Amino acid sequence: MFHSRRRGSECPQLNRPVGRSTAGGRRGGGGGGKGGRAVGRARPPQRPAAPPRPVRGRGFRAPSSNEEAAAARPAMTQSVVVQVGQCGNQVGCRFWDLALREHAAVNKKGIYDEALSSFFRNIDTRSGGDGPDIYKGKICSLKARALLIDMEEGVVNEILQGPLRDVFDSKQLITDVSGSGNNWAVGHKLYGYQYRENIVEKLRKTAEHCDCLQCFFIIHSMGGGTGSGLGTFVLNLLEDEFPEVYRFVTSVYPSGEDDVITSPYNSVLAMKELNEHADCVLPIENESLFDIVNKIHQMINSGKLGSTVKPNSMVTSGAGSAKTVQEKPFDAMNNIVANLLLNLTSSARFEGSLNMDLNEISMNLVPFPRLHYLVSSLTPLYTLADVNVPSRRLDQMFSDAFSRDHQLIQADPKHSLYLACALLVRGNVQVSDLRRNIERLKPSLHFVSWNQEGWKTGLCSVPPVGHSHSLLALANNTCVKPTFIELRDRFMKLYKKKAHLHHYLHIDGMEQSCFSEAVSSLSDLIEEYNELDATKGGPRTDPSRLQIAV
């Protein structure tokens, strides 16, 4: 079993200059590399060696006008959220709202601390405008480390007129008025090149305010034009401009009954970019979110629980946050994704006995560069107020994390093959609880023969609002394959008829070969999962152990 280091390790990139990588090659990061390492054991010999990836350090450091002050502060890591398109900005809005709620529940004294600095700047606004950052003391004015991009103004303007308006400013926004028309080519080829310099400049400005930039989180949807097209263009830019910084992508996949007829084209074209440029992708299906919301509502309204649900404990709830206006139909679904991101980053924001760094997720869960799709599950979905059986509830929480009802895509990981699995636990949970449940669940889970002990565990002492404990499970599992097969099938139904292709091909730089290359990339990915699944029926081999003569 993999165990995490305690938090607070020094950032090796503190003196790295800001600068764009040159055409001659990317800058290598200091310290250990991050790509291509197998999980737990050596890479299986039957698979071809992957091409070398750039060596990267843990973060990116912008120059400071006051190096002595920077050296006096502890090395902290920060992350930047890039939310693209209507879906990306709506999910991002819920993330920032619930993040403020979570920090307010912990930070009672209103002090700007290391936890807040992970995603927020503290700005002195007394002199007007974008004042200097305040690194300690009372909270003055919090600004999100974020970039909001949309080729329609509606959602972003709504955020700026809502309760979160003070968390963002105009320097963090890039908008247009005409939209991408549900066309990947418009978002990627047209708006991407049109807004490239503006996007790069705002990304660099955001990075310059970070002491040690560790990760970019991209939030987008796959079915539309801006989210899929411009979202993946931004992903490419991040690899070019910040090759040392990790790129985690939260991608919302459309359902089979999506009302955007070109969504299969957009999704498959975007998949090629995710395969090539992301470090980790957290795929999420609208259908799964809808099922979870319905399940919670049915259980609460049916009276079967026989108990009262604890206030603010539902993963769909936004109660207690800054949002005071009436909730919208998709807010409950978006709150689930926001809670996923809150739990994923909890170890970067709060203390814990076994905290898990974000770079450790990629290092330990991604044994092959292209197989970086992590299936996520959240549990509990709610907490009952009048039930107090801690150990039983704790064990049930672990069991639920592996059931298909709690997965954020339509998948059943328990009956598929695991490459590796991470358990991120929050709250009053002991290491012994983790070990007991892993040993209890292991016999029912199928791991690849070369990584039978491929578990990564993290413990964060601060539970989510409304809960005593919670669990986020991240599985690198072949159960994601059916989602990709269904997506390819829907793509081919359109592509065989050449339906709607003309909408894409009239965009400069877009050729029909883009479609054939994209579906070929997806088919190669599916074949890699097929090769792994073919080994599932083989005998489980226990690693040889050293025999000690007595």
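**Figure 1. Helices α8 and α17 pack at an angle of about 65°, and their axes lie 8 Å apart.** The model shown here and in the following views is predicted. Two packed helices are described by the angle between their axes and the distance between the axes. Helix α8 covers residues 263–277, and helix α17 covers residues 512–533. The crossing in which α8 passes α17 is left-handed. On the side of α8, the contact is formed by Tyr-265, Val-268, Leu-269, Met-271, Lys-272 and Asn-275. On the side of α17, Cys-514, Phe-515, Glu-517, Ala-518, Val-519, Ser-521, Leu-522 and Leu-525 take part. Sorted by class, the contact of α8 with α17 has ten nonpolar, two polar and two charged residues.

**Figure 2. Strand β8 is largely enclosed by the rest of the structure.** This strand is made up of residues 246–253, and eight of its eight residues are buried, so the rest of the structure largely encloses β8. Tyr-246, Phe-248, Thr-250 and Val-252 point one way from the strand. Arg-247, Val-249, Ser-251 and Tyr-253 point the other way, and the residues of both sets are all buried.

Figure 3. Strand β7 (residues 213–221) runs parallel to β8, and seven bridges join the two. Within this pairing, Phe-216 stands opposite Arg-247 of β8. Between β7 and β8 the chain passes through helix α7 (residues 226–241), and this β-α-β crossover is right-handed. The pairing of β8 with strand β9 (residues 280–285) is also parallel and is made over six bridges. Helix α8 belongs, together with β8 and β9, to a β-α-β unit that is right-handed.

**Figure 4. Six strands form an open sheet with parallel pairing.** The order of the strands is β6-β5-β2-β7-β8-β9. Which strands stand at the edges? These are β6 (173–175) and β9; each has a single partner strand, so one side of each is left without a neighbour in the sheet. On average, neighbouring strands of this sheet are turned by 15° against each other, with direction ignored. Helix α7 packs on the sheet and touches β2 (78–84), β5 (146–150), β7 and β8. The direction of α7 makes about 165° with that of β7.

**Figure 5. A cis peptide bond joins Thr-379 and Pro-380.** The omega angle of this bond is about -5°. Pro-380 is placed in the loop between strand β10 (375–379) and helix α13 (390–401).

**Figure 6. Lys-498 and His-500 have positive phi angles.** Lys-498 is not a glycine, yet its phi is positive, at about 55°. This residue is found in the loop between helices α15 (481–495) and α16 (501–505). His-500 lies in the loop between α15 and α16. The phi of His-500 is near 65°, again a positive value in a residue other than glycine. Are these residues buried, exposed or partly exposed? Lys-498 has a relative accessibility of 40% and therefore counts as partly exposed.

**Figure 7. Thr-478 is a buried loop residue.** Thr-478 lies in the loop between strand β14 (469–477) and helix α15. The relative accessible area of Thr-478 is 1%, so the residue is buried. Which residues does Thr-478 touch, not counting residues up to four places away in sequence? The partners are Ser-416, Leu-417, Leu-419, Tyr-529, Leu-532 and Asp-533. Ser-416 is 62 residues from Thr-478 in sequence, whereas the two are 5.8 Å apart in space, C-alpha to C-alpha.

**Figure 8. The protein as a whole has 17 helices and 14 strands.** This view gives the setting for the close-ups. Of the 550 residues in the protein, 58% are buried. Among the contacts between residues at least 6 apart in sequence, 83% join residues at least 24 apart.

How values were computed
Residues are numbered from 1 along each chain as its sequence is written. This is a predicted model: local features need pLDDT of at least 70, side-chain atom pairs count only at pLDDT 80 or more; totals for chains, interfaces and linings use all residues. Side-chain values use heavy atoms; hydrogens and water are left out. Buried means under 20% relative accessible area, exposed over 50%, partly exposed in between (1.4 Å probe, protein chains only). Helices (H or I, at least four residues) and strands (E, at least two) are DSSP runs, numbered from the N terminus. Two strands pair if DSSP finds at least two bridges between them. A crossover is right-handed if, with the strands pointing away from the viewer, the path from the first strand over the helix to the second runs clockwise. Axes are lines fitted to C-alpha atoms, for helices over the stretch in contact, and angles run from 0 to 180 degrees between N-to-C directions. A crossing is left-handed if the near helix is turned anticlockwise from the far one by less than a right angle, and right-handed if clockwise. Contact means heavy atoms within 4.5 Å. Ala, Val, Leu, Ile, Met, Phe, Trp, Tyr, Cys and Pro count as nonpolar, Asp, Glu, Lys and Arg as charged, and the others, Gly among them, as polar.
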